[in-house]
Amino acid sequence: PVLHAAPPPVPRRTNHQYQNFGYNPLAALEWALTEITDNVLTHSQSEEGGLAQLNYFTQQHRAQFVVADTGVGIPTTLRQGHADLVTDADALQAAIREGVTRDTKLGQGNGLFGSYQIVRVANGFLHIHSGRARLEFDQELHVREENVAFGGTVVDLCMDLKNPVALDEALRF
């Protein structure tokens with residue numbers, strides 16, 4: 001008879017493994033990533049879906065993710081519920097405000113707002129490119145119109161995992 005050894009158990013991460021951070025840094029990162037990827041599924045209307053990439057920079061203790069889709073874009077989506085958003089830059093700036101969504105039956109408008117708040121508290125950055133506009137937050141907020149339109153949305157978020165981010169502090173809805 002052939003004997004097979006059981007595979008070794010998969011180690012589970014616990015909070016004590018994050019003692020260099022002083023908190024579990026993955027909670028805020030997971031929340032933001034979940035919200036942004038859900039936006040692709042709920043709002044983008046992309047036939048191809050989306051793409052997500054997560055990077056961890058060991059030396060700097062920073063995590064970055066990029067989520068992209070080829071959908072209709074944030075400006076087109078938000079104008080369905082907010083006809084007053086004339087420019088694409090207006091739409092991107094509105095997208096990071098609390099409670100702004102195209103339809104309150106589909107969402108609460110907290111995903112991009114909460115992600116922006118997390119980045120503010122966690123000394124990170126948030127870049128959004130959609131339609132003919134680009135939003136950049138890196139301790140200062142800049143929103144500008146672009147000459148070349150992007151058919152879809154790209155969200156690039158990076159946060160410092162050494163900086164304690166309490167979700168209840170960043171996410172005060």
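Before I come to the first pair of helices, let me say that axes here are lines fitted to C-alpha atoms, taken for helices over the stretch in contact, and that angles run from 0 to 180 degrees between N-to-C directions. What you see is a predicted model, in which local features need pLDDT of at least 70 and side-chain atom pairs count only at pLDDT 80 or more, while totals for chains, interfaces and linings use all residues. Residues are numbered from 1 along each chain as its sequence is written, and side-chain values use heavy atoms, with hydrogens and water left out.

The chain holds 5 helices and 4 strands, where helices (H or I, at least four residues) and strands (E, at least two) are DSSP runs numbered from the N terminus. Read from the N terminus, these elements follow the order α-β-β-α-α-α-β-β-α.

Now to the pair itself: helix 1, residues 26-43, packs against helix 4, residues 111-121, at an angle of about 150 degrees, and their axes lie 9 Å apart. That angle makes the two helices roughly antiparallel, a term used for angles over 145 degrees.

Which residues of helix 1 and helix 4 meet? From helix 1 come Ala28, Trp31, Ala32, Glu35, Ile36 and Asn39, and they meet Gly111, Leu112, Gly114, Ser115 and Ile118 of helix 4, contact meaning heavy atoms within 4.5 Å.

Turning to the whole chain, 43% of its 173 residues are buried, that is, under 20% relative accessible area with a 1.4 Å probe, protein chains only. Finally, among contacts between residues at least 6 apart in sequence, 60% join residues at least 24 apart.

Terms used
Angles under 35 degrees count as roughly parallel, over 145 as roughly antiparallel, 65 to 115 as roughly perpendicular and the rest as oblique. Buried means under 20% relative accessible area, exposed over 50%, partly exposed in between (1.4 Å probe, protein chains only).
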